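Here is my note on the aromatic side chains. Please read it with the structure open.

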Amino acid sequence: MNTTLLIMAAGIGSRFGTGIKQLEPVDDANHIIMDYSIHDAIEAGFNHVVFIIRKDIEKEFKEVIGDRIASICASHDVTVDYAFQDINDIPGELPAGRTKPWGTGQAVLAAKNVIDTPFIVINADDYYGKEGFKAVHEYLVNGGKSCMAGFVLKNTLSDNGGVTRGICKMDENGNLTEVVETKNIVKTADGAEADGVAVDVNSLVSMNMWGLTPEFLECAGGGLQGVLREKSTG
């Protein structure tokens, strides 16, 4: 079965300074985190890569990252496509004063014309490890429709300060019911806390790794349209 790796990279330049060239290598071979994610995804069985970027960084992105990775992908019979996230590409009217894109939902919708297989969504600059890709791929090829890869909080904490994580809430059947954004989670002698409140280090958290199917794209536009209506009238 064909499956797609969807990499959200539209904000990658702004998160690392003035340009993509400031992306920091993470090993002696000058690989960046994205190299590891793509390698792990290909090993798990994904055979199509889609980069979601902004049109204004297309040239630099391809020069610094895209062309090199496309060459590597070609050697594994993995195809590469691009989709462009634009703040005005929405199913409705842009609320007054809005200057930033709408995050994961709009990013995924931006790729609707280049995705016709089950797909996994990840951030460009997060490290996930092999097991998440394997688990989501297995879920999708066995007929799963939508899932989120959960990561144990204690394995995602930093020794260099606080982190923001989406702490997951689930029902008795293990279905995700809510993701609670929790900021400034820091390690403590007893585990972890956020702004002085203890946090269970064994909690499952979201790192924005989702397994979805093309059917999701059909309903996501309506969901975003509802959000836009609320923002316009709120």
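1. A charge sits over a ring if NZ of Lys or CZ of Arg is within 6 Å of the ring centre and within 35 degrees of the ring normal. The charged end of Lys62 meets this over Tyr82, 4.7 Å from the ring centre. Lys55 lies over the face of Phe84, at 4.3 Å from the ring centre.

2. The model is predicted: local features need pLDDT of at least 70, side-chain atom pairs count only at pLDDT 80 or more, and totals for chains, interfaces and linings use all residues. Residues are numbered from 1 along each chain as its sequence is written, and side-chain values use heavy atoms, with hydrogens and water left out.

3. There are 6 aromatic pairs in the structure. Rings of Phe, Tyr and Trp (its six-membered ring) pair if their centres lie within 6.5 Å; planes under 30 degrees apart count as stacked, over 60 as edge-to-face and the rest as tilted.

4. Phe61 and Tyr82 have ring centres 6.1 Å apart and planes at 90 degrees, so they pair edge-to-face. Phe61 is in helix H3 (residues 58–74) and Tyr82 in strand S3 (residues 79–84), so the pair ties together parts 21 residues apart in sequence. Helices (H or I, at least four residues) and strands (E, at least two) are DSSP runs, numbered from the N terminus. Ring pairs link Phe51, Phe61 and Tyr82 into a cluster.

5. Phe61 is buried, at 0% relative accessible area. Buried means under 20%, exposed over 50%, partly exposed in between (1.4 Å probe, protein chains only).

6. Tyr128 and Phe151 form a tilted pair, because their ring centres are 6.0 Å apart and their planes are at 50 degrees. Tyr128 is buried at 7%; Phe151 is buried at 14%.
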